[in-house]
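Here is a briefing on the pockets of one protein structure. Please look over the model before reading on.

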Amino acid sequence: MKPSRPILFVSSLLAFGMPGLQAQPTTVTVQAGAPGKAISPDLVGIFFEDLNYAADGGLYAELVQNRDFEYSSADFMGWNPLTAWTLVQHDGGKGSLLVETATPLNDKTPHYAVLTVENGGGGVGLQNEGYDGMPVKAGDTYNVSLFDRQLAGSAVPLTVRLESKSGALLAEAALPAPAADWKKVSATLKPATTDAHARLVVLATGPGKLALDMVSLFPATTFHNRLNGLRADLAQVVADLHPKFMRFPGGCLVHGDGVDNIYNWKNTIGPVEQRKGQPNIWRYHQSVGLGYFEYFQFCEDIGAKPLPVVAAGVCCQNSNHSRGTGQQGLPLEAMPAYIQDILDLIEWANGPVTSTWGAKRAAAGHSEPFHLQYLGVGNEDKITDSFEERFRMIYEVVKAKHPEITVIGTVGPAPDGEDFNRGWKFAGEQHVPVVDEHYYKRPQWFWDNLTRYDTYDRSKSRVYVGEYAAHDDKRRNTLRSALAEAAYLTSLERNGDVVPLASYAPLLARRGHTQWSPDMIYFTGTEVFTTINYHVQQLFSVNGGDAWLTTTVSPVAAPARFAASAVHEGKTGDLILKFVNGDNAARPLRVDLAGAKRISATAVKTVLAASDANTIDAQAVHPETSSITITPAFDYEAPANSLTVIRIKTR
Ligand code: AHR
């Protein structure tokens with residue numbers, strides 16, 4: 001029989017927010033002299049999905065939209081291979097722009113543009129609008145490249161230009177004349193002026209006919225200066241969260257809109273011009289320029305463990321919504337090949353350079369393994385016979401061949417209900433080590449569920465809270481929602497033996513292209529906006545600790561408006577206290593560090609607070625740090641609507 005983990009009984013963790021009790025201090029007692037209970041060092045991570053233009057038009061630094069002419073109405077009604085492109089004809093120039101498929105660059109990108117110039121005039125070509133324009137900075141370098149091929153007539157000289165919306169020239173470079181076969185040509189552009197909404201123009205000045213594909217414009221500076229890299233400012237804000245793991249590529253994107261749309265990691269590696277993009281379930285296009293190599297590399301660059309999620313052999317139950325096809329499973333005869341793809345992924349991530357897939361990783365520039373430890377199988381799927389059959393097939397093989405990998409199963413889209421119950425039952429029967437719970441709920445739900453994991457059966461699967469967010473009125477990022485999440489995180493710290501991993505969702509959203517809200521970080525082409533929820537995630541991530549110290553709060557009452565947690569951080573020896581006050585009134589606290597030895601008299605206090613819980617202003621409501629005097633028993637007033645983190649040196 002499997003030994004059961006001890007069930008922790010925490011008798012008094014929550015206290016009232018009744019106005020009448022405010023005069024009486026709330027007592028928080030921390031068993032500071034005891035070793036505490038080990039908690040996962042990976043607790044706070046991030047959930048990344050190409051939703052809200054988080055990848056293309058977001059984290060992926062490519063500035064050209066539809067660079068490979070592969071957009072279609074399958075991505076979005078009305079889109080076609082020339083979406084985001086326009087024919088330009090300057091000063092008497094005359095020509096046409098078409099899309100053909102007869103002699104493609106390769107079979108992964110079958111469409112390419114054909115530019116026919118009858119009369120060069122002042123130039124005939126094509127321009128790309130980027131994502132709401134292309135942000136360029138004066139003096140910065142931009143790498144432009146494209147594949148071209150002469151189709152008829154004599155070689156047509158080409159120039160590439162960055163222009164403002166009104167056509168003013170920002171930068172220009174000549175490209176070598178096209179050859180008879182597909183060839184990659186490149187140049188650099190250095191704009192003289194900063195422009196948030198520039199465009200890229202490829203111009204031919206003489207008559208002829210040529211084919212063009214994979215027209216790309218990248219800032220020379222990317223995050224960690226990676227080739228085919230990530231937008232530096234946005235990636236840095238993500239890195240500043242210091243996430244302990246990163247889940248990718250979703251979300252619903254993983255299991256896809258129909259079985260043909262299930263995310264295929266193998267289509268996302270190798271030279272970008274040989275990757276196969278596909279429609280995004282969120283109704284746009286995924287170029288997969290940000291693919292598995294880039295995801296794993298980003299994880300490494302920010303010190304986060306990679307947590308890829310693969311589909312459990314079934315597509316999203318909301319697939320083809322209008323046609324109502326719903327969840328469908330891959331044909332059973334396709335499952336062996338599908339499972340082999342998953343084994344290949346593990347080999348690609350961790351295998352030696354002498355292995356088939358490890359060699360591909362090395363060829364991409366990473367001979368060392370990526371140290372994959374976690375693998376998600378399934379994303380909030382409807383738990384059906386079809387799901388169970390396919391999950392079991394995958395899980396049994398992965399478990400047998402890779403006992404070192406922790407497989408994370410799924411228990412449906414909600415924190416309760418039919419799929420949740422059946423999912424848990426199935427996971428128990430299969431002895432799945434960890435399952436993925438999701439909840440998007442009102443702030444009050446989080447306060448009401450602070451004891452959810454206190455009573456979980458420690459002999460069962462552990463829990464990855466893979467997607468969660470408090471959804472306040474109008475789904476705005478209010479302080480109220482952030483504090484509900486903070487209070488909840490104290491309960492996850494307390495239950496670190498049940499919950500090793502948690503990630504707020506979704507992470508990123510491009511303003512004006514958002515399919516889901518709230519999100520943690522918003523951005524435009526030039527700006528990045530964090531939220532109060534971001535501040536909470538960051539405070540818990542950098543103050544995580546690795547042992548939870550028994551913390552009790554009294555008096556206790558319901559509904560809960562106060563939560564507390566204390567952790568010990570092994571590497572520094574620091575004792576870290578967290579207090580979340582969800583009341584509109586300040587709360588006097590008496591903090592008793594029972595059994596504490598050698599605490600420093602001065603500690604660092606960080607407070608996130610505002611008088612109005614409705615506020616969404618993350619610039620005004622940001623963590624403020626100051627010092628605080630500490631004694632083994634001290635008084636502290638937790639401000640109204642606040643999260644306080646106190647870091648105390650013990651060495
Ligand atoms: O996070 C947004 C979406 O919410 C995810 O794609 C899906 O898993 C969940 O329903």
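This is a predicted model: local features need pLDDT of at least 70, side-chain atom pairs count only at pLDDT 80 or more; totals for chains, interfaces and linings use all residues.

Residues are numbered from 1 along each chain as its sequence is written, and side-chain values use heavy atoms, without hydrogens and water.

**Terms**
- A pocket is an open set of points on a 1 Å grid over the protein atoms alone, where a 1.4 Å probe fits, with protein on both sides within 12 Å along at least five of seven lines; lining residues have an atom within 4 Å of a point.
- Helices (H or I, at least four residues) and strands (E, at least two) are DSSP runs, numbered from the N terminus.

**Largest pocket**
- Its volume, the space filled by probe spheres set on grid points joined across faces, edges and corners, is about 780 Å³.
- The lining has 36 residues, and K184, L227, N228, P271 and V272 lie nearest the centre.
- Elements that each supply at least two lining residues include strand 9 (142–152), strand 14 (208–219) and helix 4 (292–302).

**Second largest pocket**
- The second largest pocket has a volume of about 510 Å³.
- Its lining counts 27 residues, with P135, Y142, P219, R231 and G525 nearest the centre.
- Strand 8 (134–136) and helix 2 (232–239) are among the elements giving at least two residues each.
- The most comes from strand 8, with three residues.
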